Amino acid sequence: MVVTKKHIVLALFISLIGETLQSQDTGSISSSENSIPPGDRPVQGAAHAFANPDSSFVTIENSGLSPGYGKAAQSRITGAIIVLSGPDFNNGLIHEPLQLIQGRVPGLNITRPGGDPNEDFYSDLRGFSSTQSGSQPLIVIDHFPAASLLGVDPNDIESFVVLRDAASAALYGTRGANGVILITTKKGVSRKPAIAYNSGFGLERLAKKMEVMPAPEYRALAGKTDFGAETEWIDRITRKGFSAVHNLSFSGGSDATTYRASVNYRDVQGILNNSGFSQLNTRLAIRQSALNKKATFGIDLSRTTRDREMGQPIAFRYALGADPTMPVYDNTLTSGTPGALYGGYAERDLYDFYNPVSIVEQNLNDKKDAVISARISGAYDLNDFIKGLSLSVSYAGQTESSLSSTYSPTTAKFGNNTNRGHATRRLDNNTGTLFESYLKLNRNFGDLHLGVVGGYSFQKFAADGFGAGGGDFLTDAFTYNNLGAALDFDNGTGEVFSYAESNKLEAFIGSANVSLSDTWFITASMRHEGSSRFGLHNKRALFPGVSTAVVLSNLIEMPMLNQLKIRAGYGISGNQPARSYSALGRWDELGPTYQNGIYRPSYGLVQSPNPDLGWESKRGFNIGLDIALLDSRLKLSYDHFKNVAEDLILNVHNYASAAYQWANIAKMRSNGFELSLTYRDGGAGSVSWSGGINMAKARTAMVEMSKGPLEYGQDGVAILGNLETSGCGCSGFIRIKEGADLGEIWGPVQAGVGEDGRQVFADLSGDGMVDAYQDRRVLGNAMPDLTLGFYNRLRYEAFTLSILLRGAFGHDVVNNVRLRYEGQGSMHPYNIVKTKYYLPHLQGAQFSDYYLEDATYLKLDNLMLAWQVPVNVGSAFRSLQITATAQNVFTISGYSGMDPEIRYTNSAHYHSKPASTNGDNPLLYGMERTATYPRTRTFSLGLVVRI
Amino acid sequence: MIGLGLTFFSQSCTDLEEELYSQVTADNFFQTEQEFIAALGQAYSSFGGMGNHGHLWSINEISSDELVVTTKGGDWYDGGVLLQLHQHEFAPSNGFFNNAWGYMFGGVNTANRLIFQFEQLAQDDPSKQESSGKFISELRAIRALWYYWLMDSFGNVPLVTSFTVAEGEESPPNAPRASIFNFVENELNAVLDDLPTAKDASTYGRMTRWVALSVLTKLYLNAEVYTGVPQWQKAIDAAEEIVNDGPFSLEGVYRNNFVVNNQNSTENIFVYPYDKVFAGGFNWNMMTLHYASQTVYRLTSQPWNGYSVVEEFYNSYVDPAQNPGPQGLVWKNLATEQVQGTIDERLSNFVVGPQFNPDGSRAVDPGFDTSDPDGAPLTFTPQINEIYPNGWRQGGARIGKYEFEVGGTNNMSNDFVMFRLGDIILSLAEAKWRLNAGDAEALSLVNQIRERAGVTPYGSLTADNLLAERGREMFAEMMRRQDLIRFDRWDEPWWEKTSSDPKYKLFPIPQQQLDSNENLEQNPGYN
């Protein structure tokens, strides 16, 4: 089939997710096996017929695109969309997909405070757009929305497309309001068979250790018991972490069939003793054409298993506070029979004290995750009936399961406290299936191009699981493998549970785009979608979007400018309720009561019904400008947005009712901008440079939090958050206030320390009295004023140096570590954290502005040197590359805690976060917990071989 | 393939009903009588917070002269909230007040909701009118009990009696204490005749006529405090009905009311039946015992070493001048050796002196204070060195009122006593004495209690000896604060507390409630 421009199906509004984009950069040092010299580059997707099973209603057909088409395709974008592929990806030891684009997309902030390999990355796109848990961008992998990121190995990712504006995201309807990240995996190409092998080895070390008082100094404090040892607790629970990655892939194909198969293996050790994971991923993609290439079929299969040692990151908290004069091992410090308790580890009869080494070495916390996904798709060319018409059908499924297991032996104080042993296991399954079918028409009428899509989508999710936990073991031999041996079950004190739930979404999709002379573009789309989670009165919603672009440089002669394009769009995207059954009046078991001589369960209403519960809706307006200069080597892109998110869902209490209900009551307004400037050298000479800088700002204000009698908080104010000070009834530090920016941290102002060692607070109300509640004000904001990504790639001959700097400016973080371990004073039986803020005189500190710190930072996130080893033409090797990478090289920040990273959410879910939870509450921001895994630095060596 | 596509189309155009698996809603609940009783049960599980640290019981006890939670180095400072309570510097922001408020209004709200639901049910299905009516009477009495406690603690609380809130309805303002008093009185009298009178398994832990009369007794006994108008005769009438007509009798042995299996007590009128398996939440063993007591009682969890008994209060049992009775060896002061003192059977209220493991060895506290007189061996000394900052870890007798089960968990199985005949007898005696200081029956009633405790009967009644006897008998049963206020001793100094402002007779309306309800006003003196 001859590929002509006529056959190229143009953008609906995303121009391209191309397997070919990366060929733009001939200096690529990506680990992608597809980044090969242009001359050697095959025509991708040649086996695909006109109708392509890999297309979707949101992506352009990528069949038949030739190298070099990328630039033109990008020019068709009408929304605020970023496309990234191989050369744009971060390098080094990257185990999580989102790490590939961290710092690369203006407006998309991807964070993971600390270096816990088992912690998820959190992504925030353009500020707050929801008040519900899990309000991160929708992840779509190979057209499957709400896909698990664990299901794809970073090495198999071809491209990311990030839909930032509401008009673009409107096609994802009830799940688009937080933006959308589309991930496309690599597919085979028809050319001679290729084999690629990548491997990497890394060494990870602690990059930031908080200063605590050393033993001699601590011992000298009045009132301390000297246990005679000198223990560096952090050192005793950490190590150098070694990691290894191997990726092997085969690809190739004939005219009618293409295939790609890959195996990816990762073994990662965390710096915390006994933490890490090993992962095996396999993926297969086959495309086959039939019926004289009128039909094409595709099969995609992938399977990932990740065996995790979650470890005990909470040990970091106890390591900070553990008495440095205590030995690690000593069985005489606690009550009870000496030697019989705690396996020889030193423990103390003290509230909230656990030997960190014992925590890490004795307690098991394991998790086995598995993700299996499959997709079968077909497309048929109906050109014979109506010119330019095709039909696509696909069916896809994903099963995610995780088995969590813990065991605290009879000799552990932590997680047990009973000397009886305690084991838990829980299994969670999540299954999603997706059926999609749509008709697509693409016609050119002279200079006018028309594309129309109409389709149907049905997606169903089901979750179920069960678990049990119990203690009282005779022996530690079973760990968590023989729950029946726990006497708790015989005594009736074991815990058992199971659950099941499901939800479904049904949508009709329509979209049309018109372009004239490659100069005028307009795209209109809508998704009419229903969700089972909506209340009875509100079952279906309509999400429209329209965007337009004009290439001014085609209309007016502009000196210097290669392109000047203006874009504008308006759309509505939504968020369905985060949990199933949110609209129903739910009853639940509320503990047994005594009835007639026996205990029977009692039941009560735990959630009031709300048949009007609907979707959160975000109306967004985006205006953008793209400029290309210097033979299109220099490009500038600017986007400005204004969003109004309404009908946001919060749980509210009716004054007289014991049960809450979910209701659409809040409204927020956001605005911001994103700017990126990129330079790409032609790359012909022996020296070349490319680089880019991007920056973004997003501010969100809460407009209202009530509707009728329903009100979140009171009088337009809600105080949230829990600090880790003990016993303080005044710990709310997040103020959500109507009319104010989200992100506010609120509290008293510390004026000094009194003679008695207690804090003196400022009398902010000026009434002559200091009231722990009245005398508070806004102390800072947890959201950054600006985020920055700055990358450079310098090539000299066969050597390439690449540098990525990442920064965030103006955000504040509550340093809980200081509050708990620095401000409690010498009276406290815990060790004292000593930062520059340490006040020796202070006793028993409560939260104040003194514990909120500006966490502005700039970090050298990634530094890589690559050597493209020269290979002879015609040798067995197509290419050979050796890389050395350092990640998280240094951080410039005045923040005294573990990691100045933005805290978008309360990320202390180290303990058995069940797979069924919907993520973290976006309103619980701004705090670094004491159990934070410290940040780490990684050095790695990599090898890429292609034959 | 088109056919395939169409097939899917037709199959998938589905309704979007929620499919339920492990959830119940009002639609698939309330089908059987059993399910109704399960719904009623929630009104009782509300009482399950009684034996926890940090709310209603704690604010009443720590603020009295019975109990104290000293700051033990870094332990138990908790932002100073516990010191505030004992020293009468109540701050509206103290979280314990909000916990107590939320706890009691939670009980009110549950009762309101269930009343609403049973009313709806009776409307929809006339055949269920009778049983619904019975449940509603029971719930109204439960709600009155919550309001009695709310009024006693906070005084002027909002009176919320309906489950539904009309559109545009304002959040409720404070009602004067006297009007809450009237509400409790009227409600209880209105339902009194609908409540069961039997004392058997079917009424154990349930609201009966006797429970309602007990509440009325206490309401009238304190009427002068609540409304300014004494109601001694009404208190006598209510108490006499319980004493004369009720199916209760004093236990021969005081302790029997508080043992692990106290469900057979002949004296207890209203309990919350705790159970370590089924109904957890009673954790006094954790709250009061020392870390090292874990081995003494072979507990499955390590205690928290919090609550101690104020020494003077402990001495009111063993001091022969205050409590005449048979003399024998008791622990006093630093418990270095046993000395002569009154042997009162009710000393079972305390855990005091040297502590021994089941094998006879001394329990040991390796973290002992260097200033602790006897060092590492665990000895609860009646004497406490200071309230702050370094109260001895082993200082103070501990609350031994409820028997600690050997091998127990952090959930005790003893049933928590809220009303019992012993208190009603003393209340009856007091009311009679108030009307006639020389009332012979009053004296004989008090002496019934003293004789049961094995101590010498009083020759006459005075305010002092009546209050002291109530103290000894009712220790830790959430009566002391009320008694001290009624006997006008609340403002007086006691250990580590100076004379205090009379405003502290009411707890402050919690700051969080004021912030969340603009129609609420703070109690007098707190602003």
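Reply: The account below begins with the contact and then turns to strand pairing.

The model is predicted, so to speak of local features a pLDDT of at least 70 is needed, and side-chain atom pairs count only at pLDDT 80 or more, while totals for chains, interfaces and linings use all residues. Residues are numbered from 1 along each chain as its sequence is written, chains are lettered from A and ligands numbered from 1 in the order in which they are written, and side-chain values use heavy atoms, with hydrogens and water left out.

Chain A gives 85 residues to the contact and chain B gives 81, where contact means heavy atoms within 4.5 Å. The size of an interface is often given as the accessible area lost when the parts come together. Here the two chains bury about 7000 Å² between them, with 59% of it on carbon and sulfur atoms; this buried area is the accessible area (1.4 Å probe) that two parts lose on being put together, summed over both.

Two salt bridges are counted between chain B and chain A, each being a side-chain nitrogen of Lys or Arg within 4 Å of a carboxyl oxygen of Asp or Glu. Glu19(B) forms a salt bridge with Lys504(A), and their closest N and O atoms are 2.7 Å apart.

On the side of chain B that touches chain A, the elements giving two or more residues include α1 (2-12), β1 (24-25), α2 (33-45) and α5 (95-124) of chain B. Helices (H or I, at least four residues) and strands (E, at least two) are DSSP runs, numbered from the N terminus. The largest share of that side, eight residues, comes from α2(B). Its residues divide into 37 nonpolar, 31 polar and 13 charged; Ala, Val, Leu, Ile, Met, Phe, Trp, Tyr, Cys and Pro count as nonpolar, Asp, Glu, Lys and Arg as charged, and the others, Gly among them, as polar.

Strand pairing also links the chains: β1(B) is joined by two bridges to β21 (residues 586-595) of chain A, and the strands run antiparallel. Two strands pair if DSSP finds at least two bridges between them. In this pairing, Trp587(A) stands opposite Val24(B).

Other pairings lie within chain A. Strands β10 (residues 257-269) and β11 (residues 276-290) of chain A run antiparallel, joined by 13 bridges, with Thr258(A) opposite Arg287(A). Six residues lie between the strands of this hairpin, in which Asn274(A) takes a positive phi near 60°. β11(A) also pairs with β12 (residues 295-309) of chain A in the antiparallel sense, over 15 bridges, and Leu280(A) has Thr305(A) as its bridge partner.

An open sheet of five strands in chain A has mixed pairing and the order β1-β6-β7-β4-β5. Strands β1 (81-85) and β5 (144-145) of chain A stand at the edges with a single partner strand each, so one side of each is left without a neighbour in the sheet. Strands β4 (residues 138-141) and β7 (residues 180-185) of chain A run parallel, joined by four bridges, and Ile139(A) has Ile181(A) as its bridge partner.
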